[in-house]
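Hi there,

Here is the structure I promised to pass on to you. Please open it first, and my notes follow below.

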Amino acid sequence: MHDNIEKMNQRAQMLRAEIERHNYRYYVLDAPSIPDADYDQMLRELQQIEQSYPQLITADSPTQRVGAAPLKAFAQITHSIPMLSLSNAFEDPEVEAFDRRVREGLAADCVEYTAEPKFDGLAVSLRYENGVFKTGATRGDGYTGEDITLNLKTIRSIPLKLPVNHPPALLEVRGEVLMLKKDFLRLNQQQSAKGEKEFANPRNAAAGSLRQLDPGITATRHLTFFAYGVGQCDDAQLPQDTHHNMLRYLSSLHFPVSKECRAVTGLPGLLEYYRTIGAKRDDLPYAIDGVVYKVNSLLFQEKLGFVSRAPRFAIAHKFPAQEAMTQLLDIDVQVGRTGALTPVARLQPVFVGGVTVTNATLHNADEIERKDVRIGDTVIVRRAGDVIPEVVAVVAEKRPPGALVFTLPAHCPVCGAKAVRLPSEAVARCTGGLFCPAQRKQALLHFASRRAMDIEGLGDRLVDQLVDQAIVRTPADLYRLGIAALANLERMADKSANNIVNAIEKSKRTTLARFIYALGIRNVGEATAKDLAAHLGSLDRLMAADSERLQQIPDVGPVVAQSVADFFTEAHNREVIEQLRASGVQWDEHEGKSLLTGTAAPLSGKTFVLTGTLPTMSREEAKEKIEALGGKVSGSVSKKTDYVVVGADPGSKYDKAVSLGITLLDEAGLQALLQ
């Protein structure tokens with residue numbers, strides 16, 4: 001019996017290797033070497049062996065690509081190294097400026113780049129442990145994505161096991177999931193035959209397919225994958241010299257890499273590549289919306305670093321926007337979180353840029369007047385990539401006799417408060433502040449968002465009910481909510497209400513940077529909130545700072561400084577802040593950096609790496625506390641690392657830290673250092 005099982009195990013291993021080899025030839029190389037019938041026969045034989053001997057089933061078996069039960073919802077995965085977005089360029093001068101910034105940053109006369117197509121799909125991350133595909137996630141917000149491992153396993157161009165004898169302990173591959181044009185046409189033919197709605201474009205089809213809760217549905221959609229980068233990696237074989245060689249490394253591991261990738265030199269090389277790819281765009285097997293330029297040298301990439309949420313060493317050069325003509329049926333006015341009144345064109349539906357467009361921005365009253373846009377006009381609508389569609393021009397010769405001139409309302413269309421336009425601004429704003437329901441809802445959603453106070457479960461539907469029923473008027477009211485009040489709301493059971501109350505209670509312990517960002521001060525994003533917290537160290541010092549003092553902080557200009565000063569001048573804002581403090585919202589404060597002498601924060605110049613699970617702090621919380629004191633948190637251990645913070649079940653970072661003799665800290669040691 002034992003001999004028979006061993007014989008079947010050897011046969012199963014051989015079949016798995018052969019099937020994956022043919023998958024690679026068929027789905028990656030597009031060069032099949034056996035008939036489909038022979039492939040199907042091998043797969044059936046493997047299925048029969050595993051059915052007869054379930055103990056022989058392995059996680060990396062080709063039979064496991066489909067077969068999991070449907071999920072109820074996707075879990076969340078935190079990216080160990082953020083998946084940052086790219087800055088965009090639309091015109092040649094913007095690419096010229098990018099190249100100039102790179103050369104100035106490197107003090108070089110000419111720089112080599114890698115140029116590659118910008119896939120119009122979904123960015124994902126694949127994590128391999130000891131050569132076996134373990135988890136996969138969407139990009140999400142760049143920091144946290146959805147766990148779509150089971151769906152990614154159905155994509156046959158993604159290897160379930162790396163084809164090497166000594167695989168790396170950890171390899172994180174980043175790339176794009178998309179649907180080839182031929183598969184998109186086939187899918188829409190099937191949808192039409194079934195009388196179901198067709199997909200607007202390959203990107204929407206790929207997105208809808210990849211986010212199915214039933215992996216069996218995803219498996220029928222014929223998705224594919226292209227690799228373009230590496231996240232975390234513990235492999236001595238990973239090239240350390242150029243991005244181009246890193247792509248070759250990924251290709252050697254049987255990951256599909258675009259054949260259109262090229263190493264080019266200087267600005268002329270970038271623009272020539274852009275024009276070459278643009279000319280063959282329609283003939284490519286997949287949809288692209290531009291090209292991506294990356295500094296080829298990995299050492300130079302590290303030297304250039306990042307700005308806010310984008311790398312300085314890379315940029316996306318988008319193709320020209322696509323345009324179409326349609327009729328403008330009406331102009332509505334939307335009120336945003338900051339009270340800005342934005343005119344929105346309601347359009348006769350038109351297909352442009354790969355999607356059906358029914359609304360488009362008109363920006364502001366000045367733009368409407370400059371373009372002489374009237375209700376009833378035939379207009380040209382432009383859409384570029386994921387940019388909000390806009391009305392760019394009026395077709396004057398098609399204007400009907402009764403076209404109406406638009407006048408921006410003098411009062412907020414939501415709350416009726418007076419709308420005021422300052423001389424220095426292009427937009428009018430509602431003066432209703434937090435009393436305006438439109439602003440109130442958006443302000444509460446922003447306050448509770450994950451990067452702000454992180455109140456899990458406080459989404460659009462719940463905020464709508466809380467505001468519409470006058471239960472919550474300001475963020476401070478959230479901390480007075482009880483289970484009874486929440487449980488009476490629609491679709492809110494006692495357990496859900498209890499979870500919300502617990503999430504609100506948990507959010508009371510935060511960081512100064514998060515709290516500043518949560519207030520929704522105009523022109524203050526995450527990066528600026530962190531700068532304000534790091535340099536001033538306490539909320540009282542921030543509230544007392546005038547515009548002139550605020551401008552002494554790096555990257556804080558006159559507009560931001562004035563917005564901050566104006567916000568804290570308002571008595572109502574101060575009142576809400578005091579109510580929040582009285583409710584128990586708190587954070588750690590410090591002396592900050594001297595604005596006049598430039599004295600560094602306590603952890604300035606120190607690099608930390610986090611590994612394992614800490615007893616009381618999440619990694620994100622630990623990261624924020626370190627950064628608040630001027631420290632830097634890295635995703636990998638190197639000789640430049642000063643401290644490695646170790647929790648339960650540490651990974652390979654711990655072993656590397658020990659081998660390099662780097663100082664190790666537990667949570668208590670980190671807390672002591674933070675104090």
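C415 is partly exposed because its relative accessibility is 32%, where buried means under 20% relative accessible area, exposed over 50% and partly exposed in between, with a 1.4 Å probe and protein chains only. This is a predicted model, so local features need pLDDT of at least 70 and side-chain atom pairs count only at pLDDT 80 or more, while totals for chains, interfaces and linings use all residues. Residues are numbered from 1 along each chain as its sequence is written, and side-chain values use heavy atoms, with hydrogens and water left out.

On to the disulfides. A disulfide here is a pair of cysteine sulfur atoms within 2.5 Å, and by that rule the count is 0. C415 is in no disulfide, with the sulfur of C430, its nearest, 3.6 Å away. For C261, the closest cysteine sulfur belongs to C233 at 18 Å, so the two are too far apart for a bond. C261 is buried, at a relative accessible area of 11%.

A cavity is a set of points on a 1 Å grid over the protein atoms alone where a 1.4 Å probe fits but cannot get out, and lining residues have an atom within 4 Å of a point. Grid points are joined across faces, edges and corners, and a volume is the space filled by probe spheres set on the points. Searching the whole structure gives 3 cavities of 30 Å³ or more, and the largest cavity holds about 40 Å³. Its lining includes D120, L178, Y286 and A287. Helix α6 (residues 202-210) gives the largest share of that lining, 3 residues; helices are DSSP runs of H or I with at least four residues and strands are runs of E with at least two, numbered from the N terminus.

Two backbone spots may interest you as well. N130 has a positive phi near 55° and is not a glycine. N130 sits in the loop between β4 (122-129) and β5 (132-138), and counts as exposed because its relative accessibility is 54%. D649, also not a glycine, has a positive phi of about 55°. The loop between β25 (643-646) and α24 holds D649, which is exposed at 73% relative accessibility.

Finally, which helix holds Y654? Y654 is in helix α24 (residues 652-660), and at 31% relative accessibility Y654 is partly exposed.

Happy exploring!

Notes:
On a 1 Å grid over the protein atoms alone, a cavity is a set of points where a 1.4 Å probe fits but cannot get out, and a pocket is an open set with protein on both sides within 12 Å along at least five of seven lines; lining residues have an atom within 4 Å of a point.
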